[in-house]
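Here are a few notes on how the chains of this model touch one another. Have a look at the contacts on screen while you read.

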Amino acid sequence: MTGTRTMVDFDDALTRYQPVMGLEVHIELNTESKMFCGCATNFGAEPNSNVCPVCLGLPGALPVVNGTAVESAIRIGLALNCQIASWCRFARKNYFYPDMPKNFQTSQYDEPIAFNGWTDVAVPTAEGDDEIYRVEIERAHMEEDTGKSLHVGGATGRIHGADYSLVDFNRAGIPLIEIVTKPIVVPGAKAPAVARAYVSHLRDLIGGLGVSDVRMDQGSLRCDVNLSLRPIGQEAFGTRTETKNVNSFKSVEQAARFEVQRQAALLDAGEKIVQETRHFHEKDGSTSPGREKSDAEDYRYFPEPDLAPISASREWVEELRATLPEPPAARRRRLQAEWEFSDLDMRDTVGAGALDLVAATIEAGAAPQAARKWWLGELARRANEADVELSVLTITPQQVAEIQALIDAGKINDKLARDVFDGVLAGEGTPEEVVASRGLEVVSDDGALSDAVDRAIEANPDVADKIRDGKVAAAGALIGAVMKEMRGQADAGRVRELILEKLG
Amino acid sequence: MSELIRKSAGELAELLGSRTASSVEIVQAHLDRIEDVDATIHAFLHVDAEGALATARDIDARRAAGEELSTLAGVPIAVKDVLTTKGLPTTAGSRILEGWIAPYDATVTARLKAAGLPILGKTNMDEFAMGSSTEHSGYGPTRNPWDTDRIPGGSGGGSAAAVAAFEAPLAIGTDTGGSIRQPAAMTGSVGVKPTYGGVSRYGLIALASSLDQAGPCTRTVLDAALLHEVIAGHDPLDSTSIDRPVPPVVAAARRADVKGLRIGVVKELGGEGFDPEIVSRFEESLDLLRGAGAEIVEVSCPSFVHALAAYYLILPSEASSNLARFDAMRYGLRVSPDGDPSAETVMAATRDAGFGDEVKRRIILGTYALSSGYYDAYYGSAQKVRTLIAEDFAKAFGVADVLASPTSPTTAFKFGDKLDDPLAMYAQDVATIPANLAGVPGLSLPSGIAADGLPTGIQFLAPAMADDRLYNVGAALERMLLDQWGAPILTKAPELEVAR
Amino acid sequence: MPESAITRAEVKHLAGLARISLSDNELDHLAKELPAILEHVRVVQSAAGEDVPPMSHPLPISNVFRPDVARPGLATDDALAGAPASEQDRFLVPKILEEA
């Protein structure tokens with residue numbers, strides 16, 4: 001697909017060129033119904049089962065705006081520190097395409113609902129610190145998704161070479177928010193990492209608002225990477241390419257990196273960059289040319305006469321602002337302080353994707369360090385072994401907190417706790433139930449313990465003598481013997497107390 | 001021929017209420033009439049005898065069971081083919097939709113059904129409502145019952161002719177620049193374009209979304225009011241539907257009292273280009289109204305002279321976008337060009353084959369007016385003119401309760417007269433267009449007969465949501481003219497030759 | 001202010017945007033008609049002053065919203081009933097040459 005192509009080494013390219021990026025992210029909202037009609041939005045429904053006259057573009061059908069989608073758009077705008085338009089309209093973007101029922105997309109043109117914002121993105125450095133970059137937001141606007149085509153015939157199932165296509169309009173009309181950055185100009189070497197971190201940051205930010213599933217694998221978060229190079233020292237931007245549908249965080253980084261290398265090679269050779277859309281290829285991280293952006297592209301935007309304008313009053317906007325959750329960065333700072341975590345503790349927790357799990361465990365009563373210890377230790381190990389995300393493990397933060405509570409109460413110890421985790425993860429029930437069914441409770445019955453201590457003293461007379469002589473440290477050997485006899489199900493602290501009482 | 005077809009809808013409703021006639025009898029009488037004359041008139045593109053009779057039987061049974069029914073229950077109606085009707089063909093007069101059966105009802109259709117009006121069928125029209133003569137129908141023109149060598153007006157020539165030829169007591173039309181009112185004037189019938197947003201556009205195949213409005217086509221002002229009440233009112237499926245009570249149109253039509261009413265004669269509508277006979281009938285009508293106590297004042301709306309130009313930019317612009325959906329992918333005609341067809345070439349070939357010349361002309365014009373580099377000069381400028389026209393209306397309604405003008409500059413012309421001269425055809429709508437641009441309601445009723453023996457129309461305009469004023473003044477004038485004529489104007493039309 | 005001259009090539013370009021494969025005959029015809037119509041309508045360019053706001057809609061309404069409630073739409077068979085061709089409950093369309 002990509003063939004052999006001269007590529008310039010990435011670091012070498014940056015000695016001569018400054019990359020300028022623009023990121024366009026499409027967020028599919030998770031509303032119950034579509035943007036302009038009452039059809040359901042569930043992912044994976046039978047083909048053409050969530051369709052009606054409106055989203056099929058049947059003659060005579062008219063759109064009506066989903067109020068919740070507008071609120072979600074405003075909340076996204078506010079979370080991105082945008083200004084919210086006090087008055088704005090939808091516009092028709094006219095072009096023909098078989099998966100677009102009306103042959104115009106109802107979108108917003110020169111009156112986006114949100115504009116002029118910014119968001120601070122933490123980009124991990126090689127040293128393990130975070131560097132903060134402020135990404136400026138040009139606009140966030142509302143529009144509708146298109147249908148989906150299945151290409152039949154040909155070799156690859158791709159559009160090229162297909163005999164015909166089959167169109168499913170379930171996705172047509174699902175509300176989208178398009179978020180467009182202003183040109184991102186960062187130290188060149190950082191550009192791919194900033195692109196990745198920005199998209200990942202948007203996932204957290206918008207996921208936190210609860211307005212979208214923000215799943216790149218299901219297409220509810222989609223990213224186009226625009227990138228151009230300009231010779232270092234030059235003011236004017238170069239010609240940009242638009243790499244479409246880059247559908248994972250890693251791919252965003254790869255696409256940016258690839259385009260830097262590819263464009264640098266062309267510029268070095270004195271060639272021109274073609275303004276075009278490009279396709280990203282997951283398998284090797286390359287891009288290949290798509291449609292050339294020509295002057296013939298003329299969308300003939302005009303205000304959508306079938307819809308009333310939206311006027312967002314100050315009161316309404318403030319009401320929505322009050323519903324915003326704490327921004328992720330601020331929340332992290334607050335939690336770190338509350339939990340008294342070191343920077344390293346905190347970074348590890350976030351890096352492991354355990355922040356929300358740890359927070360919920362602490363919320364359920366566990367001490368911060370204990371919560372961190374279990375999620376980043378025992379549970380992280382198990383997730384790693386199973387090659388799954390922590391959040392996928394079949395144990396809840398509530399259950400982890402319960403296990404810690406059992407430890408705190410002296411009913412089990414850390415070693416037994418591992419068995420409890422096994423049981424809970426194996427679906428054997430709640431921690432209490434696992435302790436009972438597996439018989440894991442520590443023996444705190446003094447009678448049984450006392451007998452075991454007596455037997456240990458009898459079996460180790462020389463050790464007992466040392467302790468009688470005041471060498472308390474020797475008690476460890478007796479404790480070990482008792483624990484062995486009790487098969488670990490004893491409270492080591494209590495055993496020690498008994499030994500010292502008897503020999504003291 | 002049954003005398004039932006000569007009755008007004010109001011009279012038929014009374015006959016039904018008193019059990020003097022059944023809905024089945026009334027519907028059958030109209031179906032017979034259609035059978036007799038429609039081969040000549042061609043008002044209908046599709047007749048649904050079975051469906052209409054089924055509704056009639058249902059209404060008769062419900063009436064017999066003592067059920068409370070709406071006023072017009074059982075009175076049949078014809079619907080312009082631009083409104084969707086579930087299970088019936090809907091073509092908008094275009095070959096591109098030939099054979100398409102809508103899977104849903106327009107809100108207007110649904111309200112007619114809910115009120116128990118049997119739907120006789122779908123009426124002919126200029127393709128996608130583009131035209132003033134029905135000559136642009138993809139299925140052949142409709143003939144004027146007054147003179148079958150002449151056009152019935154357009155785009156709603158089918159609905160107006162159906163009513164004027166006694167094929168239906170009531171019909172639904174749509175009016176984007178005069179498509180209800182101009183055909184009414186040409187056929188000696190009554191037509192009302194309600195306030196924009198007064199009647200739902202859901203299921204009305206859009207020509208120009210910001211101008212289109214459905215309304216009644218009838219033989220009397222009261223009938224129009226009765227039908228207006230059935231179809232008007234807020235609809236959550238149309239974002240541009242007005243969420244306010246329907247103006248009291250029936251009460252106004254019954255009141256018919258113009259004492260003290262200030263009627264503004266629009267200076268700019270009625271001078272040059274207007275047939276002197278039409279102007280004479282107009283002035284005679286004003287005299288009658290003055291005699292009944294109305295105050296006639298002259299008002300000036302200087303921007304109206306630009307209305308036609310603004311309209312012929314706004315309409316094609318919106319239409320070019322509205323008609324983009326007819327692309328052979330999901331419904332309607334599909335034409336595959338020779339060679340190795342692709343989605344792109346099939347779309348382009350279908351749109352060339354399926355659209356008529358006038359539709360293509362306006363799509364290209366609208367595409368031009370919206371294209372980058374020309375938007376501000378054309379579409380943008382036209383929108384500014386629209387503002388000026390709305391301001392002129394506001395000023396005029398400051399000194400007059402209603403405005404008046406001749407409906408159309410000419411009486412019905414002969415087929416082919418203006419077909420090759422789009423600008424002359426467009427000029428037919430010069431007096432009706434300002435109301436659409438501003439969204440205000442308008443009513444046309446017969447003002448008399450010109451020297452050529454053809455009917456003339458007078459138009460009244462009122463402020464938005466004051467549709468009741470139109471019915472009041474219209475009914476008053478109608479009564480005085482009827483006294484003068486001694487019989488309804490349609491009795492003066494030459495009797496149609498009956499095929500049977 | 002643009003001239004209302006419109007060339008045959010321009011008509012062809014517009015027909016491309018509007019997805020209509022106009023015949024040579026139609027192109028010739030429209031290349032003659034459109035300038036005449038544009039000549040007539042271009043008076044709008046001088047009719048209103050700079051300060052006149054554009055009016056895109058006759059109704060002064062805003063914020064017309066629908067509650068976010070899912071409702072059943074068309075049955076799949078009804079949705080596909082009018083399709084020129086369908087397969088596997090999907091609309092069958094000729095091969096697509098252009099990318100979205």
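1. First, the ground rule: two residues are in contact if their C-beta atoms, placed from the backbone, lie within 7 Å. Keep in mind that this is a predicted model, in which local features need pLDDT of at least 70, side-chain atom pairs count only at pLDDT 80 or more, and totals for chains, interfaces and linings use all residues. Residues are numbered from 1 along each chain as its sequence is written, and chains are lettered from A and ligands numbered from 1 in the order in which they are written.

2. Chains C and A: 33 residues of chain C meet 42 residues of chain A. On the chain C side, β1 (65–66), α4 (76–81) and β3 (90–94) each give at least two residues (helices, H or I, at least four residues, and strands, E, at least two, are DSSP runs, numbered from the N terminus).

3. Strand β9 (residues 164–168) of chain A pairs with β3(C), antiparallel, over 4 bridges (pairing takes at least two DSSP bridges between two strands). Within this pairing, A:Leu166 sits opposite C:Leu92.

4. Chains B and C: here 56 residues of chain B contact 48 residues of chain C. On the chain B side, α10 (307–322), α11 (343–354), α12 (357–370), α13 (376–399) and α14 (422–426) each supply at least two residues. Which helix gives the largest share of that side? It's α13(B), with 11 residues.
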